[in-house]
Amino acid sequence: MSESLVVPPVRCRVSSVIENRTNDFGKKFLFDGNAETCWSSEPGLPQYIVVDFAVRAVRVEQLVLTFQGGFAAKNVELLGLLVGATQFTPLAQFFPLETNDEQTFACAVCAPVTRLKVLFTEGTDFYGRIMVYKLDVLGAYATD
């Protein structure tokens with residue numbers, strides 16, 4: 001059964017924050033559950049979010065994203081750091097809609113990973129800014 005894997009001690013890193021305004025648009029807003037707050041990137045692509053599961057490997061089943069319409073990604077590559085690996089491996093590719101609605105994407109490869117990289121390679125904003133109000137990773141903790 002799938003559960004949210006974005007729980008402490010999970011850590012997160014992002015490619016950039018608009019004008020370095022981390023108090024207003026930083027990575028902490030990806031997981032705060034508040035529909036009024038968001039992470040906003042600097043202009044330019046690609047942008048990314050890395051989720052580090054720290055202690056345990058996980059099997060990712062779904063990725064949940066809520067974008068700001070007009071600042072959404074058109075192309076998302078999901079990469080995972082497999083247990084024992086040193087480089088990210090492609091897990092899935094998604095093509096989100098330009099909408100404010102929550103979108104859920106299935107992950108085709110459920111190999112155990114210790115880190116997940118959500119790579120935004122193309123966006124709807126002319127300047128390449130991405131705004132994400134919610135990011136969740138659903139799946140299960142790896143047992144092997």
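**View 1. Asparagine 20 sits in the loop between β2 and α1.** The model is predicted: local features need pLDDT of at least 70 and side-chain atom pairs count only at pLDDT 80 or more, while totals for chains, interfaces and linings use all residues. Residues are numbered from 1 along each chain as its sequence is written, and side-chain values use heavy atoms, with hydrogens and water left out. Helices (H or I, at least four residues) and strands (E, at least two) are DSSP runs numbered from the N terminus. Asparagine 20 has a positive phi of about 55° although it is not a glycine. Glutamate 19 is found in the loop between β2 and α1 (22-25), and its phi, near 50°, is also positive in a residue other than glycine. Most residues other than glycine have a negative phi, and most peptide bonds are trans. Asparagine 20 is exposed, with a relative accessible area of 66%, and glutamate 19 counts as exposed at 55%. Here buried means under 20% relative accessible area, exposed over 50%, and partly exposed in between (1.4 Å probe, protein chains only).

**View 2. Arginine 21 meets glutamate 19 and aspartate 24 in salt bridges.** A salt bridge is a side-chain nitrogen of Lys or Arg within 4 Å of a carboxyl oxygen of Asp or Glu. The N to O distance is 3.8 Å for glutamate 19 and arginine 21, and 3.0 Å for aspartate 24 and arginine 21. Arginine 21 is partly exposed at 35% relative accessibility, and aspartate 24 is partly exposed at 41%.

View 3. Glutamate 122 counts as partly exposed at 37% relative accessibility, as does lysine 74 at 39%. Elsewhere, salt bridges that share partners join Arg11, Asp52 and Arg115 into one network. The count of salt bridges comes to seven.

**View 4. Phenylalanine 95 lies in the loop between β7 and β8.** Phenylalanine 95 is exposed, with a relative accessible area of 57%. Leaving aside neighbours within four places in sequence, its contacts (heavy atoms within 4.5 Å) are with Lys74 and Asn75. The C-alpha atoms of phenylalanine 95 and lysine 74 are separated by 5.4 Å, with the two residues 21 apart along the chain.

**View 5. Glutamine 103 is a buried residue of strand β8 (residues 102-106).** Its relative accessible area is 9%. The side chain of glutamine 103 reaches the backbone nitrogen of leucine 97 at 2.8 Å. This is a polar contact, that is, a pair of N or O atoms within 3.5 Å; within protein, one must be able to donate a hydrogen and the other to accept it, and residues adjacent in sequence count only if both atoms are side-chain atoms. Not counting residues up to four places away in sequence, glutamine 103 touches Leu63, Val64, Leu65, Phe67, Pro96 and Leu97.

**View 6. The largest nonpolar core holds 32 residues.** A nonpolar core is a set of buried Ala, Val, Leu, Ile, Met, Phe, Trp, Tyr and Cys residues joined through side-chain atoms within 4.5 Å. The members that touch the most other members are Trp39, Ile49, Leu78, Phe120, Val132, Leu135 and Val137. Two or more residues each come from β2 (11-14), β4 (47-52), β5 (58-67), β6, β7 (89-94), β9 and β10 (131-141). Strand β5 gives the most, with five residues.

View 7. Proline 46 lies in the loop between β3 (39-40) and β4.

**View 8. The protein as a whole has one helix and ten strands.** From the N terminus on, the elements run β-β-α-β-β-β-β-β-β-β-β. The C-alpha trace spans about 45 × 30 × 30 Å along its principal axes. Of the 144 residues, 45% count as buried. Among contacts between residues at least 6 apart in sequence, 76% join residues at least 24 apart.
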